[in-house]
Each structure stands twice: as C-alpha cells, then as structure tokens.
Amino acid sequence: MENGMVERWGFRGNEVLCTASAITIRGVLNEVMGNINESDTRPVIPLGHGDPSAFPCFRTTQIADNAVADALRSAKFNGYAPTVGVLPARSALTGLVPAVFVVCLP
C-alpha cells in the first residue's frame with residue numbers, strides 16, 4: 001500500500017454460508033432416513049448407495065455396455081440430463097416401482 005499503510009479487508013465470514021457448505025449428500029441421506037415414519041409398513045428402497053461398480057452383483061450385460069458406448073460415440077448424449085430426469089426413463093420407472101414402496105432419494 002502507499003506510504004506504508006496497510007489496508008485490511010472489510011468483511012467477515014458469513015456463518016450461514018459456512019454452515020451451508022458443510023452439508024453433504026451423506027448428511028442429507030442420514031436426515032431423510034432418520035425421519036422415516038416407523039409406523040409406515042411400506043418397505044424403503046434406498047437409492048443412495050453411491051458407486052454401484054464397487055459391487056459385483058451390479059455388473060451390466062454386454063448389451064448394456066455396448067448401448068452406452070454407442071450412445072457416447074454418437075455425440076448425441078454428451079451433456080448432463082435434465083435434473084428431473086429424461087421422460088422415457090421416468091416413464092419406465094413408474095411402471096416398475098409400485099405405490100407400496102417408499103423411495104428415498106439422497
């Protein structure tokens with residue numbers, strides 16, 4: 001600074017922002033799971049297990065592998081899907097998940 005003066009920053013940390021940045025997906029999932037109504041007899045389908053490639057029982061078929069590779073090579077699907085999901089996938093899932101289940105999304 002000029003003439004040897006030292007300026008100090010004129011702001012302080014924002015406690016709300018610091019708290020918000022400490023929120024994790026695991027924390028949200030634990031909060032959801034901790035608030036499940038125990039008297040509800042419907043089974044819970046947990047959808048927040050993370051990376052399925054770590055579990056051998058979740059291996060896909062060669063047909064699925066090839067479909068993903070073909071889609072990638074086509075350059076038609078190189079962006080993020082909409083946050084609400086793609087309509088064909090959502091439609092397919094609605095027929096697979098009966099109303100007797102509670103679905104927990106992280």
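1. Start with D40 and R42: their side chains meet in a salt bridge, 2.7 Å from N to O. The term means a side-chain nitrogen of Lys or Arg within 4 Å of a carboxyl oxygen of Asp or Glu. Side chains of opposite charge can pair when their charged atoms come close. D40 counts as partly exposed because its relative accessibility is 26%, and R42, at 37%, counts as partly exposed too. The cut-offs here are under 20% relative accessible area for buried, over 50% for exposed, and partly exposed in between (1.4 Å probe, protein chains only).

2. Before going on, a word on what you're looking at. This is a predicted model, where local features need pLDDT of at least 70, side-chain atom pairs count only at pLDDT 80 or more, and totals for chains, interfaces and linings use all residues. Residues are numbered from 1 along each chain as its sequence is written, and side-chain values use heavy atoms, with hydrogens and water left out.

3. How many salt bridges does the rule give? The count comes to two. Besides D40 and R42, R73 and D70 pair up through their side chains, 3.4 Å from N to O. These residues sit three apart in helix α3 (residues 62-74), so about one helical turn separates R73 from D70. R73 counts as exposed, at 66% relative accessibility, while D70 is partly exposed at 47%.

4. Helix α3 also passes a simple length check. Its 13 residues, at 1.5 Å a residue, should span 18 Å, and the end C-alpha atoms are 18 Å apart, which agrees. The expected span is taken as 1.5 Å times one less than the number of residues.

5. A75 belongs to the loop between α3 and α4 (87-96), and with a relative accessible area of 52% it counts as exposed.

6. Now the overall layout. The protein chain has four helices and two strands, in the order α-α-β-α-α-β along the sequence. Both kinds of element are DSSP runs numbered from the N terminus: helices are H or I with at least four residues, strands are E with at least two.

7. How much of the protein chain counts as buried? Of its 106 residues, 3% do. The chain exposes about 9,900 Å², and carbon and sulfur atoms supply 63% of that. Accessible areas come from the Shrake-Rupley method with a 1.4 Å probe, and for residues only the protein chains shown count as cover. As for contacts (heavy atoms within 4.5 Å), among those between residues at least 6 apart in sequence, 71% join residues at least 24 apart.

8. There's a nonpolar surface patch too, made of I23, V28, V32 and M33, with about 300 Å² of accessible area together. Patch members have over 30% relative accessible area and no salt bridge; nonpolar side chains (Val, Leu, Ile, Met, Phe, Trp, Tyr) are joined within 5 Å, like charges within 9 Å. V28 is found in helix α2 (residues 25-34) and, at 34% relative accessibility, counts as partly exposed.

9. Last, V44 in strand β1 (residues 44-46). Where does V44 lie relative to M33? The two are 11 residues apart in sequence and 9.3 Å apart in space, C-alpha to C-alpha. V44 is partly exposed, with a relative accessible area of 30%.
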